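Here is a short briefing on one protein chain. Look through the sequence and the model first, then read the points by topic.

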Amino acid sequence: MTQPIDDLRAFLDASPSPFHVVKTVADRLAAAGFVQVATDDDWSELPDDGFVTSDGGVVAWRSPADLRPDSPFRLAGAHTDSPCLRIKPRPDSGTAGWRQLSVEVYGGILNNSWLDRDLGIAGRLTMRDGSHVLVDVDRPIARVPQLAVHLDRGVNDSLKLDTQQHLQPVWGIGRRSPGEFAEWIATEAGCDVPAFWDLSLYDVQPAAVLGADRSLLASGRLDNQLSCWAAADALIAAAPTNATAMIVLNDHEEVGSSSTTGAGGPLLERVLERHVLSRGGARADLLRSLSASSCVSADNAHAVHPNYTDRHDPEHQPMVNAGPAIKINSNQRYATSSSTAAMFQRACESAGVPFQVFVSRNNMPCGTTIGPITATRLGIDTVDVGVPQLSMHSARELCGTDDPPALAAALRVTFS
Ligand code: ZN
């Protein structure tokens, strides 16, 4: 039998871009009997177990039969995107005998973590007719080479990287040749030369269990594919009784969530409304349903760092392999209230997994996530939680091996 952590590794390795996360989740749902519907389908006869995809976003549900129109939803949310380098539309560049790719920074990457890594390329190609082709070149193609210490004696005191000048990868030698990249990626994907694309560079090193005691997991994109995995795993295993269990995996969290498939967009709200309509309900039923619904927003938390323990509040230092952290911020950077925190505490207790509490230091800015956006848009009671990790937004992050299955177990309880 596959161990949960090996299943998560397979999920991570199969998902080098948000579009691949959606495909990985969709494949798993379909294999478990969930039926895909399209946004332009007639939804008057919705499958009990179904899902809808939209670019880098996906919503999936499991409903008990014969729900009332105003029955509540038990939601879990996460995001499919991760900070990375993206290939620009006219990428063929180079100088001094090197062929390079022009890249754009997506989200808040740790610049130095992208240096000297073997980078593959993955994402979505868009043809002239608007059709899409998924592509994953899963081998070393590019590298952002670091400057030798001999040529910058001060580098160990202060590494300064200009994102326009110093993060452009090499992918070969010779003259730059306009159109070369488009021709090359078309050959790799086995399709016509695309008109445009959404392509990311990614570290091709697979996810790996780490530590003499095998207690840690290293991989790219743990933030937040780990939570996508846990949400999908929990939904597939859920047995809801009097509410619809639903997961929403949004794109574009790392750049503020304002997009058609981001948490600030209409994706979730439309699916919720169409569920109520398909059960014969009206707007009043939707509003009653929302007032009784709840949402667990799952996004990784900062574990206490052994070399920087001063960056955490002394009483709120999540540790890896001590359970998911409930994230609290009284300035509403997180949506958690005392009521929703207690709700998640009950879920952890009945799942038999530990939990922790995270509050950032008063003199440290607090991050945010999709929870407050979903809560504000829909007025649903929401708790922000997340698995503690180190190296957040590095090209290669680190978490514990016990926490991802613990999160999945807690989510499964909230669905049931
Ligand atoms: Zn995140």
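The points below go from domains to the sheet, then to helices and single residues.

The model is a predicted one. The domain assignment divides the protein chain into domain 1 (2-82 + 220-415) and domain 2 (84-203). Nine strands form an open sheet with mixed pairing.

**Domains**

- The centres of domain 1 and domain 2, taken over C-alpha atoms, are 31 Å apart.
- Contacts between the two involve 19 residues of domain 1 and 20 residues of domain 2.

**The sheet**

- The order of the strands across the sheet is β1-β2-β3-β13-β4-β14-β18-β16-β17.
- β1 (35-36) and β17 (356-358) are at the edges with a single partner strand each, so one side of each has no neighbour in the sheet.
- β2 (residues 49-54) pairs with β3 (residues 57-62) in the antiparallel sense, over six bridges. Within this pair, Thr-53 is opposite Val-58 of β3.
- β4 and β13 are paired in the parallel sense, and seven bridges join them. Phe-73 stands opposite Thr-244, which belongs to β13.
- β4 also runs parallel to β14, with four bridges between them. Gly-77 has Ser-297 in β14 as its bridge partner.
- β4 is mostly covered, as six of its seven residues are buried.

- Helix α5 (residues 267-278) lies across β2, β3, β4 (73-79) and β13. The angle at which α5 runs to β13 is about 155°.

**Helix α7**

- Helix α7 covers residues 338-351, which is 14 residues. From the first C-alpha to the last, α7 reaches 20 Å, close to the 20 Å expected at 1.5 Å a residue.
- Which residues of α7 are buried? They are Thr-340, Ala-341, Met-343, Phe-344, Ala-347 and Cys-348. These residues lie on the same side of α7, because they cover an arc of only 155° around the axis.
- An α-helix has 3.6 residues a turn, so residues three or four places apart point the same way.
- Gly-352 follows α7 and has a positive phi, near 75°.

**Two single residues**

- Asp-7 sits in helix α1 (residues 4-13). Asp-7 and Asp-233 are 226 residues apart along the chain, while 9.7 Å separates their C-alpha atoms.
- Apart from neighbours within four places in sequence, Asp-7 is in contact with Thr-2, Arg-28, Trp-229 and Asp-233.
- Gly-323 is in the loop between β15 (301-302) and β16. Is Gly-323 buried or exposed? Gly-323 counts as buried because its relative accessibility is 1%, and the cut-off for buried is under 20%.
- Beyond neighbours within four places in sequence, the contacts of Gly-323 are Pro-354, Phe-355, Gln-356, Pro-388 and Asp-403.
- Gly-323 and His-166 are 157 residues apart in sequence, and the distance between them is 39 Å, C-alpha to C-alpha.

Note on methods: Residues numbered from 1 in each chain as written. Predicted model: local features only at pLDDT ≥ 70, side-chain atom pairs only at ≥ 80, totals over all residues. Heavy atoms only, no water. Helix = DSSP H or I, 4+ residues; strand = E, 2+ residues; numbered from the N terminus. Expected span 1.5 Å × (residues − 1). Buried < 20%, exposed > 50% of the residue type's maximum accessible area, 1.4 Å probe, protein only. Arc of directions from axis to C-beta. Pairing = 2+ DSSP bridges. Contact = heavy atoms within 4.5 Å. Axes fitted to C-alpha atoms, helices over the stretch in contact; angles between N-to-C directions. Domains from an automatic or database assignment.
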